[in-house]
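Student: I have a structure to read. Please take me through its features one at a time.

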Amino acid sequence: MKKKAVILSYGKGGHQEQMQRLVVTLQSELPKDTDIIVMTDSKTVITTEKKILASFHYSEARDKHSTTKTLLGLPKLIVTQFLDSISLNRQFEIVGIISTGPGVSIIPSMLCKLFGKKVIAFESWSRFYHSSLTGKVLYKVSDLFFIQNKTLQTIYPKAIYRGRL
Amino acid sequence: MKVLVTLGTTPFPELLSALHMQGVDESYQLTVQSPENEDASRFSNSFQFSDDINSWYDWADIIITHAGAGSIYRLLEQNHRIIVVPNTYRKDKHQLEISNYVEQNKFGLVCFDLKQLSAMIAQADTAQINSYTKTEFLGTRDIVNTIFN
């Protein structure tokens, strides 16, 4: 029987900080038979009382200073994440994915949607007036989408606000 | 006055150059956290990462921080006196949004022009700022219900 797991996908820095804060409250609410898989561009992994069944590290989807580097790196990232996601679905019973962004979360979230798994996403807490590119994509594929600033409600009418991580 | 500069995980050489050019190291007791050691080694006290960054926060009277939301929210939650410096040299300019939020709510000072950095440090100690109150996240049950319902 396959082990049940929820994928946590996040980037480094503030994205990881958001996921870490979420995990502190989420880990006690998850069923005992459900563990965690991490997909991140951070070099460090969040700490959790839950078992981390697997952890995947990727390069950043978007280079902070160069569009060329972003475009050159994207094909490798997409292919790698596609293959990893297929492999994960064979090994484990994935129940869903939770993302705090950024671009490293897009492909795994889209594939989860394709496989009929639940997709939960957060718009970054740094966004007050404009949506992020990742937010725009994940809003369309997510079953539950959180905003962390009420000012975004007009941009994401179906999103819910439950405070800030 | 003790001044901590924290850049998080992304290099911000323009900010460090401004600190250096404006002689902040000579005027204050300065410590710099920078992810790239070469950038920070020109200052008398620097480090790349710390497992106990909160102790450094407590050490400082004024904290100059990049405009990464993780750093800003943590500092505001701990009621530190901060100067936020948005990194507008990045391709994406999203740091401006949280910088404007901090400035409009007077949670700290915001330095949009690096030429003004030393002047801003001089006024940071006495500037009128408002305390920040976090609205706790209460959506965990929504997540569990959505995944397992």
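Tutor: The model is predicted: local features need pLDDT of at least 70, side-chain atom pairs count only at pLDDT 80 or more, and totals for chains, interfaces and linings use all residues. Residues are numbered from 1 along each chain as its sequence is written, with chains lettered from A and ligands numbered from 1 in the order written.

Student: Which elements does chain B have, in what order?

Tutor: Helices (H or I, at least four residues) and strands (E, at least two) are DSSP runs, numbered from the N terminus. Chain B has eight helices and six strands. They run β-α-α-β-α-β-α-β-α-β-α-β-α-α from the N terminus. The radius of gyration, taken over C-alpha atoms, is 16 Å for chain B, close to the 15 Å of the globule rule (2.2 Å times the number of residues to the power 0.38) for 149 residues, so chain B is as compact as a globular protein of that length.

Student: What does Ile83(B) touch beyond its sequence neighbours?

Tutor: Contact means C-beta atoms, placed from the backbone, within 7 Å. Leaving aside neighbours within four places in sequence, Ile83(B) contacts Ile62(B), Ile64(B), Gly108(B), Leu109(B), Cys111(B), Met120(B), Ile121(B) and Ala124(B).

Student: How many residues does each chain give to the contact between A and B?

Tutor: Chain A gives 34 residues and chain B gives 27. On the chain A side, helix 1 gives the most, with four residues. That side has 14 nonpolar, eleven polar and nine charged residues. Here Ala, Val, Leu, Ile, Met, Phe, Trp, Tyr, Cys and Pro count as nonpolar, Asp, Glu, Lys and Arg as charged, and the others, Gly among them, as polar.

Key. Contact = placed C-beta atoms within 7 Å.
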